[in-house]
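Biologist: Please put the chain on the screen. I would like to ask about the words used to describe it.

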Amino acid sequence: MNKTTNEVQELVLDKLARYFAITPERANEDQIYKAVALVVRDLLLQKKQENNARIAEGKYKRVYYLCMEFLIGRSLKNNLFNLGLTEQFDECLKKMNFSLDGIFERESDAGLGNGGLGRLASCFMDSLATLNYPAMGFTLRYQYGLFRQRIVDNQQVELPDMWLPSGEVWMMPRSDKRFTVNFGGRVEEYHDANGKMCVRNLDGDSVDALANDVMISGYGDNAGVSVLRLWTATSSTQFDMRSFSQGDYEKAMQRENEAELISKVLYPSDDHSQGKQLRLQQEYFLVSASLQSRLKDHLRLYKSVKNLPDKAVIHANDTHPALAIPELMRLLMDEHGLSWDEAWDITVRTVNYTNHTVMAEALEKWDENTFRNVLPRIYAITCEINRRFVASVEAQHLDGRKIDAMRILNNNQVKMANLCVIGSQKVNGVSALHSEIIKDTIFSEFNEIYPDKFTNVTNGITHRRWLIQSNPRLASLITELIGPDFYTKPEQLSGLMKFVSDKTVLDKIGDIKQANKKDYADYVKKTTGFVLNPESRFDTQIKRLHEYKRQLLNVLKIVHYYLELSDNPEKNVAPQTFIFGAKAAGSYMHAKRIIQLINCLSQEIQKNPKIKKKLDVMFVENYNVTQAEHLIPASEVSEQISLAGKEASGTSNMKFMINGAVTLGTLDGANVEIGERVGDENIFIFGLKTEEVERAWRAGYNSSTIYTHNDEIKRVVDRLRVGFAGESFSDIADYLIAGNYQVADPYMCLLDFEDYTKAAQRMGETYADKKKWNKMALVNIAQAGIFSSDRSIADYAKNIWNLKKVKVNSK
Ligand code: 26Q
């Protein structure tokens, strides 16, 4: 966008005057942040209008991306970057005696997501806008995002996340976009004026959905602007003045409070379906509001719903928006008068679904009674979808057990993944390995009858946020070496391969990492007081805390090193720092104990300066997008150590790689493809493969045998009972080798331990050879282009959505 520093300054002064009646001399940082953000929001709107004017209305098909989570992080820096206005704002603020970096810090991190799935949705919005595919995202405007984590006495404490005061500036409230969503009540059949049989939902409670739009600009000359629409729940009825006048204030407020509950808070649990009624209401609320809004616009443009599949594609990110299928059926039949067959044809041709997990406990299931009570009409439609599907497969004489596996309704449960497969055009997994696993396991019966439905789209990350913005030193070296085209053509990073033996370049890569480590150590010192040694190797594991991700395996390895050093404090070893960042769902006790274990171990090390010099552990409190942006450019080792077959893809593995960290990981998720790109000599792979895990499991895995026969492992597990910083972890030792748990060590930490420590050993030896290490870093950076979300989105557009880019010069 073309704007001079002076023009920018005038805009900012105007906002300061209008909103705060203040001049820059008297303004504080928060006021400056708000004024700047409001200016940027106006510019985004302007860009959007210009873009709209270019698109002949109705010409293009559009994707509607439905997701319960968008892990947005901060927006100001990203927006300035994408608009090409960072320098102008930097200079403008300098003139006002503020620093742009300081202003960035005033924005809170919009954490409307738990982890990978939510961040993926946000990376996709950036790529959709940059590539200029017509797109809109839909989610809820949670008043509280994922909880803020504090560590008190080495334990996680969850506090409400108040992101709105600074995050709200990006939202445009759309009072013209208001829809009513119905819950409960009963279904009634009636005949309309023409004698046609119709259905309606009576006596339910209704809640209104209000739209708040956030504009997301793409980067570059061909970029468009996408909209993320966040729905707020609000009472659909007028304030209960009668109760209020009669002094019953509680009753007067009740309806409003109940309605607002729906968009109050994000459920803080990932990969675990809890079956809470409020969550079901949230999911339906998202889906119903989004589809009503879509159909209304569609009708305005095309006067008929029959061409919906030609103009709209609805994408369900995981099963959380699965109700889009019966809801679209309801709208098409009950509101638009289509027959079942017409509506079903349109629905299946419009909806697609991405699966993100194969873990049984994470597959969404609802209790049938809850489902019927909360959504009676949707329940009736879902039953009919199920009935027709079962009849069709019975007609094909399929095995009864196979049919049972595919039923949507079975054992008083509603299985959302089955609903999604039956009601979608395409179903995709998120890495090559994962997409094969879903066909062989959870969806094997479906794969037999719909082999063409299943496909793969490997995840990606926006390299503009995760490399160019967060690692400016590396980005400018790359630009110096291969030019700036990789900003929008990430595959061009491969041009770096010609420098693999260039000593000057390799040295520079090493120097940049060192400078980033130093910066990070300073940042940590300033914000937390913790002292990091930038001369040590930074080895990082950042992700939601889950048994299958095996943070515990990492801890066992560290305890092993700790014991070695305690035996022999003079041992000559290269210093290492292990950095963890993780939140655990509040109700996930075992995960919270592992957080406590990490923190206790860290505390014990702090008391022993001799050990700290060689081995340190730091736990990042309240790990979030912004923390990741600081930490990843400073990391040298990327820990991706899930039990093979469990991690659908992983995306931090890609963020590390593009910042020149080397992966220490299992053959799981996207690690497999990362390994294929960089070659065996540029990654440290260890552990069981997916089939080996299956085999070990079937053979009756017994961790206590390993414990008894391996002295190193025995010592480490026994040390957990002694504990750290005065806290014993016998429960975790029991978890690993039997005790009260049904299956000891269900994620096979002990079985992979030995191979893990060996791989770590090899890694340590390689690290000592700086030239070799820097070369590995360079190869990782050079091969990361394919893991840009630009590539993922191009794959979706071509293979699933059948979308065309907006042609920028077309009038
Ligand atoms: C479900 C029901 C009720 C409440 C919450 C949930 C829920 C919420 C979030 C279930 C799952 C999630 C999030 C899952 C997730 O983030 N999965 C990750 O998705 C990434 C993007 O595809 C992958 O890279 C990771 O491998 C996968 O774990």
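What follows is a set of questions about terms, each answered from the model.

Modeller: Keep in mind that this is a predicted model. The protein chain holds 35 helices and 24 strands.

Biologist: What makes the protein chain agree with a compact globule?

Modeller: For 811 residues, a compact globule would have a radius of gyration near 28 Å; the protein chain has 27 Å, so the two agree. Along the principal axes, its C-alpha trace spans about 90 × 70 × 65 Å.

Biologist: How many of the residues are buried?

Modeller: Buried residues make up 60% of the 811. As for contacts with a separation of 6 or more, 76% of them join residues 24 or more positions apart.

Biologist: Why is A312 called buried?

Modeller: Buried means under 20% relative accessible area. A312 has 1%, so A312 is buried. The residue lies in strand β12, residues 312-317.

Biologist: Which residues is A312 in contact with, beyond its neighbours within four places in sequence?

Modeller: The contacts are K61, R62, Y64, R294 and T350. R294 is 18 residues away in sequence, and the C-alpha atoms of A312 and R294 are 8.6 Å apart in space.

Biologist: How do you know that S235 counts as buried?

Modeller: The relative accessibility of S235 is 9%, which is under 20%, so S235 counts as buried. S235 lies in strand β11, residues 225-235. Leaving aside neighbours within four places, S235 is in contact with R178, D208, R255, E256 and A259. Of these, R255 is 20 residues along the chain from S235, with 6.5 Å between the C-alpha atoms.

Biologist: Which residues of helix α4 are buried?

Modeller: In α4, residues 86-95, the buried residues are Q88, F89, C92 and L93.

Biologist: Why do you say that the buried residues of α4 line one face of the helix?

Modeller: Seen down the axis of α4, its buried residues fall within an arc of 125°, so they line one face. In general, an α-helix has 3.6 residues a turn, so residues three or four places apart point the same way.

Biologist: What do the buried residues of α4 pack against?

Modeller: They pack against α1 (5-20), α2 (29-54), α3 (76-83) and α5 (100-104). The face turned away from the buried side carries the exposed residues E87 and K94. After α4 comes N97, with a positive phi near 65°.

Notes:
Residues are numbered from 1 along each chain as its sequence is written. This is a predicted model: local features need pLDDT of at least 70, side-chain atom pairs count only at pLDDT 80 or more; totals for chains, interfaces and linings use all residues. Side-chain values use heavy atoms; hydrogens and water are left out. Helices (H or I, at least four residues) and strands (E, at least two) are DSSP runs, numbered from the N terminus. The radius of gyration is taken over C-alpha atoms; the globule rule is 2.2 Å times the number of residues to the power 0.38. Buried means under 20% relative accessible area, exposed over 50%, partly exposed in between (1.4 Å probe, protein chains only). Contact means heavy atoms within 4.5 Å. The arc is that of the directions from the helix axis to the C-beta atoms.
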